[in-house]
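Let's walk through this one together, a stop at a time. Keep the viewer open and follow along.

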Amino acid sequence: MTSTRQDTPRRAVETVALGLPTVRPGAGSARPGQAAAHGPGTAPRVAPGLVDRFGRVATDLRISLIDKCNLRCTYCMPADGLAWLPRSRLLTGAEVRRLVRIGVEDLGVRELRLTGGEPLVRVDLPDIIAAVRGDHPELPVSLTTNGVGLAKRARELAAAGLSRINVSLDTLHAGTFERLARRDHLDEVLAGIDAAADAGLRPLKINAVLMRGVNDHEAPELLEWALGRGFELRFIEQMPLDADHGWRKDDMVTAREVRERLRTRFRIEADRAARDGAPAERHRVFPLGGGEQLGTVGIIASVTEPFCADCRRTRITAEGRVMSCLFSREETDLSALLRSGADDAEVADTWRAAMWGKPRAHGMDHTGLGDEDFVQPDRSMSAIGG
C-alpha cells in the first residue's frame, strides 16, 4: 500500500535530538533504543496509537478534503494552477467520517483539522462536519481556509458543529493581496473573517506568510489589526512546498526577523507555557511604552527553529494517503483499503505502520530544510493539505 517511496541513507539514531527535549515514548510503545528491531514499516502491535520509532505520538489529525484552490498564491502554486484530482479520486464524505472514527476510537486522535486546497470548495463540507460532530460530540474540529466564500457559509459551518477556524491573510492591502494571491479577493476574505467571528468560530486564528520585499514590512500592521479584533495572528515561515520549486532559504523571512519587525511597534515576550505539541511558539504582546498585555502572537518557524521532536501530527491527503511528515516523500494509501472491503482493524494497522516509519525530521534523519541533502517533496502544500 506504499507508493512514491525514495530511500536515502540514514544514520543510526536512537533518540530525537533536535535542540528540543526528546519526546518520551507513549504508554505501551517501544523505547527509542528498541525501535530499530521493528523496522521502518512495521509498528509494534503493543503500541496503542500512532507512535513512531522515536517515541512521538500523533494525536492531531489533519485531513485534506480537496486539492483544488480558488487562489494562486505565489508561495504555493503556479499562476495556471495544477492538475486537479478527479472527483472519483477524492475521499468521499463517508470515507472521511470513517477515517476520523478509526483515528479517534482506535488510534488516539484527539483533534481534527480539515484542510485543502481550499475546503470551502467542497459543497458537502457542512455534511462532513455534521457527521463527524454526530459521531464525536467532544472532538475539537477546526478548519483552515483562505476565506473566499466564508462570509456566506460561516453560520452554516458553525451550526454543523465546527469548533473554530484558521483563515489565511498575508496583507491588508488590495494591491499586495492581488500580487501574492493572483486574485482580487481581499474584501471577500475580510468579510469572511468578520462573519466567522460573528458566528462564534473562536478562537479565530489568522495565518500570515511574509515574503521578502512584498509584505514583510506589514508585520506590525497585521498584528495591530488582529489584536484590535481579538484574533490571534500566527506568522508562518515560508516553507519549501511551492509547486514551482523556487524556494530558497536565503530569500525567506525568518522568525528572528519577524520578531525584530514586531518589536518596532510592540514589546513581545516568549510565553513560558508549555507548547504541548503546538507548532506555533506564542509570544505575549504589550504596548511598546509599557502597559497591560494586548494579546498574543504566534510564530511557526519550521525552517529556522524546527519543532520536529514534539511533532504530533498525522496527515491524510485528499485522495486518502497518509503522510507521516509534511516533507516526507513516502505515502501510504488508505483509500484502496477503504474501497476494497478492508475492516477497521486493517485500516488502523496500515495507518499505524505508516506513522511508525515517520522520518526523524524534515523528511530526513535530521533537520535541515535547504541543506544539500534535503529533497523537496513533489507535492505542493495545496496538494498535501496543511
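Alanine 174 sits in helix α4, where helices are DSSP runs of H or I with at least four residues, strands are E runs of at least two, and both are numbered from the N terminus. With 42% relative accessibility, alanine 174 counts as partly exposed; on this scale, buried means under 20% relative accessible area, exposed means over 50%, and partly exposed is in between, using a 1.4 Å probe and protein chains only. Its C-alpha atom is separated by 7.9 Å from that of aspartate 187, 13 residues apart along the chain.

A word on what you're looking at: this is a predicted model, in which local features need pLDDT of at least 70 and side-chain atom pairs count only at pLDDT 80 or more, while totals for chains, interfaces and linings use all residues. Residues are numbered from 1 along each chain as its sequence is written, and side-chain values use heavy atoms, with hydrogens and water left out.

Now zoom out. The protein chain comes to 10 helices and 15 strands, and of its 386 residues, 58% count as buried. Take the contacts (heavy atoms within 4.5 Å) with a separation of 6 or more: 73% of them come from residues 24 or more positions apart.

Leaving aside neighbours within four places in sequence, tryptophan 351 is in contact with residues including Leu50, Leu61, Leu99, Thr314, Val322 and Leu334.

Helix α7 (residues 255-262) has its own buried set: Ala255, Glu257, Val258, Arg259 and Leu262. The cover over these residues includes α6 (219-229), β9 (232-236), β10, β11 and β12 (295-300).

Next, a helix pair. Helix α2 (residues 125-135) and helix α3 (residues 150-160) pack at about 20°, with their axes 8 Å apart. So α2 is roughly parallel to α3, a label for angles under 35 degrees. The axes are lines fitted to C-alpha atoms over the stretch in contact, and angles run from 0 to 180 degrees between N-to-C directions. On the α2 side you'll find Leu125, Pro126, Ile129, Ala130 and Arg133, which meet Arg153, Glu156, Leu157 and Ala160 in α3. By class, that contact has 6 nonpolar, no polar and 3 charged residues.

Most residues other than glycine have a negative phi, and most peptide bonds are trans. The peptide bond from glycine 116 to glycine 117 is cis, with omega near 20°, and glycine 117 is in the loop between β5 (111-115) and α2. Another cis bond runs from arginine 202 to proline 203, with omega near 0°; proline 203 lies in the loop between α5 (186-198) and β8 (204-208).

As for phi, arginine 182 has a positive value of about 60° although it is not a glycine. Arginine 182 is in the loop between α4 (174-181) and α5, and at 28% relative accessibility it counts as partly exposed. Aspartate 276 also has a positive phi, near 55°, in the loop between β10 (266-270) and β11 (281-287). At 57% relative accessibility, aspartate 276 counts as exposed.

Notes
Angles under 35 degrees count as roughly parallel, over 145 as roughly antiparallel, 65 to 115 as roughly perpendicular and the rest as oblique. Ala, Val, Leu, Ile, Met, Phe, Trp, Tyr, Cys and Pro count as nonpolar, Asp, Glu, Lys and Arg as charged, and the others, Gly among them, as polar.
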